[in-house]
Amino acid sequence: MSQRFLSELELFVLGAVQRLGENAYGASIRKEIATRTGREASIGSVYATLGNLRDKGFVTFEVSDPKPVPGGRARRMVRLTAPGRVALADSLRAIRRLARGLVLRADR
């Protein structure tokens, strides 16, 4: 099997980038992960994961213009690449195959 699957945080980050589209940057990605998964990820872990994903060719960065407010800052906007979309799709398909037919119990 030669497919490259994503780690949990890589999957969450790429999924958030896909969902956020043109609005994907560190803080928005972190918030999207927390909102959708209930998992709190530190901003440092999000940026470390983004760096790893960039090194793998799955995302690119582009610096935005500063926000048009006093003290407004530029943001490092994140874009999903074609290989990133493939990796996200492959990992999601694998999870769906694994989950098919599972009977989940809530033993808490």
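I looked up Thr81 first: its side chain reaches the backbone oxygen of Gly57 at 2.5 Å. I noted that this is a predicted model, where local features need pLDDT of at least 70, side-chain atom pairs count only at pLDDT 80 or more, and totals for chains, interfaces and linings use all residues. Residues are numbered from 1 along each chain as its sequence is written, and side-chain values use heavy atoms, with hydrogens and water left out.

**Thr81.** I placed Thr81 in the loop between β2 (76-80) and α4 (82-99). Helices (H or I, at least four residues) and strands (E, at least two) are DSSP runs, numbered from the N terminus. Thr81 is buried, at 15% relative accessible area; buried means under 20% (1.4 Å probe, protein chains only). Beyond its neighbours within four places in sequence, Thr81 is in contact with Gly57, Phe58, Val59 and Thr60. Contact means heavy atoms within 4.5 Å.

**Helix α4.** I checked the length next. α4 has 18 residues and reaches 26 Å from first C-alpha to last, close to the 26 Å expected at 1.5 Å a residue. That expected span is 1.5 Å times one less than the number of residues. Which residues of α4 are buried? I found Gly84, Ala87, Leu88, Asp90 and Ser91. They cover an arc of only 165° around the axis, so they sit on the same side of α4. The arc is taken from the directions from the helix axis to the C-beta atoms. These buried residues pack against α1 and β2. Just after α4, Gly101 takes a positive phi of about 85°.

Terms used:
Buried < 20%, exposed > 50% of the residue type's maximum accessible area, 1.4 Å probe, protein only. Polar contact = N/O pair within 3.5 Å; in protein donor to acceptor, adjacent residues only side chain to side chain.
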